[in-house]
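Subject: Structure for your files

Hello,

Here is the structure I said I would hand over. My notes on it follow below.

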Amino acid sequence: SIPLRHGAHRIGNRTDSDMAHWRDYGLGQFIHWGLYAIPGGFWHGQPVNGAAEWIRSSKKVDPKEYDALISQFNPVKYDPVAWALMAKNMGTKYVTFTTKHHDGFCLWPSKYSDFTIMQSPWKKDIIKPFVEAYNKQGIDVYLYFSIMDWHNPDWRYELKTKSDSVAFDRFKEFTKNQLTELLTLYPTTKGLWFDGTWDKSWKASGAFSDELEQYLKKLRPGLVIGSRLRADEKGNRHLDANGRLMGDYHQVWERKIPETIAEVKGYDWECVMTVPENQWGYNARWSGHVKSSSEIIEMLANCVSKGGNFVLNFGPKGDGSFREEEIRLAKEIGNWMAVNGEAIYAAGQSDFRKEDWGYYTKSKTSGKTYMVVFNTPVTNMLKVNIPKNQKIASQKLLGSKQVLPLEHIEGRMHYIRLPGGVRQQPAVIELQLISDDQKKELDVPKT
Ligand SMILES: C[C@@H]1N[C@@H](C(=O)NCc2ccccc2)[C@H](O)[C@@H]1O
């Protein structure tokens, strides 16, 4: 392998309890909120193409005019207690919240910037009451932080000249100071979600990114940081020059889910997903496909069946209220999670062969295997190929506890008959398995 000073420092996944806790989340919430929620994808009355939280970078927008939005940020409907309750009712186990997006606006009172919530009419820390409210609901908080900062004059896309490097060195110090503030002001933070690290300037800062990660983990032992922060000294991101993951989990899955378990490559991973095609911040006009709760539940089950977590994004309006579609989705997902959560929480990949009707998950606590059924066959007969030296001791529908008919076909192949009727949301069948010989023992009449 290639000798690297700033490549992966660990082979394989983390084995500590903080990371085990992260692996068990299953369902998370992402919240994108900032100045971009005020224009909501429109500028001077015209819709602007692209993601709403990127509007400052549009050719139609004068950055100075965008930055002046700070004088309008006064979210009178901001209610973090209500936000946390909505998340709790959805079945959320962790939340990732934007402290500073690419536009550089800080939702916390940073003393290293003049472009913060303190210079807005709101004049109060947004993050602190958010962290307290979510923690009170038992939801862990992760803080999103964009390295790329369009407002900071020292930010550079590329280091071409000596003066670029001098400016970027100031920028790196500024970044380290802001991150120190975040971990100090909000000590219950469980991890940092980095973004905006794809440009050449950061790819040329591999050593710094490595030292920064080590500094942050020393400041907060157990901190969870994904693979989007670091670059190695050759400019590789996510995987170093030896193909080893740099970070605690693979953070490449933005608006996409691995097709096969092979693509997971054994890493811990998380998928972050938008409700519309590609809007993270509030956009007044959701065009294109908007996902239903069943589609979202399918993505969630798909991710858990491949050993990952699924994080759904919400984009509150400029006044701090949520749009109707998001309120409804949170409720519908929550209703399903209330009945079927045991197939998602502390669950992961099962050893059953995937079938067309949906996804298998396996609980790490109950040891039970779950069938999350999306595509009900016209026969209502679900094919189940039982792995070697295992037998099904019971097969019940979650929620009703109804025992379903099990029919042996041949060899390891069985059918489980799903009760008829049209379903709005996926059905989950709980399989209690026992090993073959145990079953024989049970069959032998007691002498
Ligand atoms: C989590 C999302 N990441 C931000 C973004 O700029 N994504 C675009 C992008 C996605 C993947 C590689 C490079 C750039 C979006 O604005 C959201 O914050």
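A residue counts as buried when its relative accessible area is under 20%, and as exposed when that area is over 50%. Please keep in mind that this is a predicted model.

First, two backbone angles. Most residues other than glycine have a negative phi. Ala346 is not a glycine, yet its phi is positive, at about 45°. The residue sits in the loop between helix H9 (324-340) and strand E10 (347-348). Is Ala346 buried or exposed? Its relative accessibility is 11%, so Ala346 is classed as buried.

Lys123 also has a positive phi, in this case near 60°. Its place is the loop that lies between strand E4 (94-100) and helix H4 (127-136). Lys123 has a relative accessible area of 53% and is therefore exposed.

Next, a pair of helices. Two packed helices are described by the angle between their axes and the distance between the axes. For helix H3 (residues 80-90) and H4, the axes come within 8 Å and the crossing angle is roughly 35°. The crossing of H3 and H4 is right-handed.

Which residues make the contact between H3 and H4? On the H3 side they are Pro80, Val81, Trp83, Ala84 and Ala87. On the H4 side they are Pro129, Phe130, Ala133 and Tyr134. By type, the residues of this contact are nine nonpolar, with no polar and no charged ones.

Regards

Technical notes. Residues are numbered from 1 along each chain as its sequence is written. This is a predicted model: local features need pLDDT of at least 70, side-chain atom pairs count only at pLDDT 80 or more; totals for chains, interfaces and linings use all residues. Side-chain values use heavy atoms; hydrogens and water are left out. Helices (H or I, at least four residues) and strands (E, at least two) are DSSP runs, numbered from the N terminus. Buried means under 20% relative accessible area, exposed over 50%, partly exposed in between (1.4 Å probe, protein chains only). Axes are lines fitted to C-alpha atoms, for helices over the stretch in contact, and angles run from 0 to 180 degrees between N-to-C directions. A crossing is left-handed if the near helix is turned anticlockwise from the far one by less than a right angle, and right-handed if clockwise. Contact means heavy atoms within 4.5 Å. Ala, Val, Leu, Ile, Met, Phe, Trp, Tyr, Cys and Pro count as nonpolar, Asp, Glu, Lys and Arg as charged, and the others, Gly among them, as polar.
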